[in-house]
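Student: Can we walk through this one together? I'd like to start with how helices cross.

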Amino acid sequence: MNLEEYKGVYIFAEQVDGKVSNIAYELIGEAKNLAEALKTDVTAVLIGSGVKGEAEKLGAYGADRVILVDDPELKEYRTEPYTHALAEVINKYKPEIVLIGATPIGRDLGPSTSARVATGLTADCTKLEIGDFPLTVPAGKEDTQKHNQLLMTRPAFGGNTIATIACPNNRPQMATVRPGVMQKRAKEAGRKFELVEFNPGFTPNKRYVEILEVVKKISDTVDIMNAKILVSGGRGVGSAENFKILDELAEVLGGEVSCSRAVVDAGWKPQALQVGQTGKTVRPQLYFAIGISGAIQHLAGMEDSDLIIAINKDEDAPIFDVADIGIVGDLNQIVPALTKQLSAYLASKKQ
Amino acid sequence: MKIIVCIKQVPDTKGGVAFNPDGTLNRAAMLAIMNPDDKAGLEAALRLKDELGAEVTVLTMGLPKATDMLREAYAMGADKMILVTDRVLGGADTWATSSTIAAALRNLEYDLIITGRQAIDGDTAQVGPQIAEHLGLPVVSYTQDLKIDGDYAIVQRQFEDRYHVLKVKLPCLCTALAELNPPRYMTVGRLFDAFDQDVTTWGRKDLPTLEDKDMGLAGSPTKIARASDKVKKGKGVKVNLDAQESVKYLMDQLVERHVI
């Protein structure tokens with residue numbers, strides 16, 4: 001493998017139902033930072049069927065080039081042929097770095113593709129930078145250090161350790177990136193970019209599965225990852241009915257309701273509202289943790305919130321270790337009273 | 001029908017996490033358990049055994065103490081146990097792990113391979129799809145329901161806002177979600193028997209298709225540059241007042257911090 005042949009920062013532009021997902025724009029934003037450090041450019045790889053119209057948006061958010069793989073076989077996500085499409089793009093264009101969103105699609109496509117092109121993959125990264133590997137070398141061995149490597153930082157063990165990982169001897173350097181962590185750039189309508197159409201050919205084989213049915217969950221739930229204020233409840237809320245007091249607080253604040261895994265397991269709220277390691281990572285300006293003990297799996301999904309307020313009757317609950325403001329007390333007394341006072345305060349401010 | 005379930009022994013994160021003075025995880029101080037997603041996958045295999053009379057083999061790669069977990073799987077109802085263990089296999093990343101497990105699977109006959117979606121220690125969710133890639137099998141990740149219909153598996157595959165019902169030709173590999181089904185308990189009778197059963201143990205020499213360049217620390221494309229304990233943010237305040245005063249305190253804080 002001649003590492004010098006590999007150039008450019010590539011991102012996989014995930015799309016669902018022909019519409020590019022938000023994670024693609026977040027990846028472009030981060031890829032621009034890496035490309036600036038490496039003095040190279042950013043390519044988005046758009047894979048789907050009838051999705052050419054989406055290329056312009058990728059350009060508007062900062063992609064310098066869009067490689068479009070468009071084929072009827074790619075209408076719905078399937079491991080094969082999507083892996084074939086991405087692996088063939090890598091084999092032909094030889095990117096130095098490939099970033100993929102750590103979504104239920106990306107966490108399947110990433111490992112399948114990295115195994116096919118025989119390179120390393122770091123999962124669920126929360127920080128990426130360009131640097132040296134190894135970080136420090138003994139005197140006299142400076143020439144063994146490699147420069148301009150992708151250093152990939154990720155939490156492991158439910159967020160208890162932080163590891164920084166490099167892939168010094170294989171290309172491309174691949175990473176899946178946690179949604180909601182990287183920042184997209186401002187949209188620049190009509191921004192110039194290069195469109196390259198590429199089709200490696202798709203011949204169904206025994207690895208092409210048949211989709212018998214696509215079942216979209218009926219959901220009127222909002223995307224909690226975009227909420228500025230979240231009122232999150234845990235097992236301590238007591239029942240599905242009792243979430244009413246959280247709904248009321250969220251409404252007064254103009255926020256949304258989310259929950260812990262225990263609440264989803266109990267069937268009180270849908271999984272789409274779950275915050276945590278197996279749910280969503282959120283970073284709102286204000287996060288209320290109400291009746292949530294604070295298992296590390298939950299903390300992993302919310303601890304970067306700007307301001308965390310915890311209300312819990314157990315003063316030893318681990319949630320108090322990450323809360324900026326911790327209130328020990330009964331949520332059934334505190335939350336409705338808080339809603340009432342907030343409502344009165346906000347009404348008085350409007351006058 | 002022959003089913004192989006790949007399982008991993010992991011430290012239990014629920015019982016709290018212990019650190020060594022140097023900031024690394026103190027694994028010895030934590031309880032070792034069968035990874036939850038893997039256990040749900042084992043249960044799925046055992047249900048197919050109940051229904052169709054399948055033979056269920058559990059396979060793990062790890063230290064010799066992982067034998068305890070294999071015996072737990074036997075006590076739940078698995079038929080055969082295989083431990084892949086060798087010093088030269090240690091320090092593997094997901095590429096080297098999946099290459100090694102794929103080499104072990106090449107020694108066996110199978111119609112269906114089940115792994116968990118992800119292990120709670122590494123959290124990568126990579127090994128299952130990579131094993132499938134090495135073996136050239138169709139893969140279904142995020143399995144939330146699994147049935148067998150003749151030569152096909154009928155699988156529900158979870159996505160963010162939907163699921164797909166897929167028809168997949170056997171042999172295939174499925175990665176199981178912990179939600180797939182609640183695992184059964186061990187039975188006392190099988191637990192007694194479990195300790196009389198042989199655990200097949202394979203080392204490097206028993207994996208003839210595994211190449212040296214693809215195993216252990218040396219065969220891992222990814223390298224750890226730095227590992228550290230998570231930086232905790234500054235300590236917040238915690239108050240224990242009566243309800244009325246708590247609300248007043250919160251209101252003052254929200255106004256003072258310009259949140260409202």
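Predicted model: local features only at pLDDT ≥ 70, side-chain atom pairs only at ≥ 80, totals over all residues.

Student: Fine. Which hand is the crossing of α1(B) and α2(B)?

Tutor: Right-handed, for α1(B) and α2(B).

Student: At what angle do those two helices of chain B pack, and how far apart are their axes?

Tutor: The angle is about 35°, and the axes lie 11 Å apart. Helix α1 of chain B covers residues 36-52, and helix α2 of chain B covers residues 67-76.

Student: Which residues make the contact?

Tutor: From α1(B), B:K39, B:L42 and B:L46. From α2(B), B:E72, B:A73 and B:M76.

Student: And by class?

Tutor: The contact of α1(B) with α2(B) has 4 nonpolar and 2 charged residues, with no polar ones.

Student: Switching to chain A. How many helices and strands are there?

Tutor: Chain A has 8 helices and 18 strands.

Student: Why call chain A as compact as a globular protein of that length?

Tutor: Because its radius of gyration is 23 Å, close to the 20 Å that the globule rule gives for 351 residues. The C-alpha atoms of chain A fill a box of roughly 65 × 60 × 45 Å along the principal axes.

Student: What share of chain A is buried?

Tutor: 58% of its 351 residues.

Student: And the surface of chain A, how much of that belongs to carbon and sulfur?

Tutor: 47% of an accessible surface of about 14300 Å².

Conventions: Residues numbered from 1 in each chain as written. Chains lettered and ligands numbered in written order. Heavy atoms only, no water. Axes fitted to C-alpha atoms, helices over the stretch in contact; angles between N-to-C directions. Helix = DSSP H or I, 4+ residues; strand = E, 2+ residues; numbered from the N terminus. Left-handed = near helix turned anticlockwise from the far one by under 90°. Contact = heavy atoms within 4.5 Å. Nonpolar A, V, L, I, M, F, W, Y, C, P; charged D, E, K, R; others polar. Rg over C-alpha atoms; globule rule 2.2 N^0.38 Å. Buried < 20%, exposed > 50% of the residue type's maximum accessible area, 1.4 Å probe, protein only. Areas by Shrake-Rupley, 256 points an atom, 1.4 Å probe, with all protein chains shown as cover.
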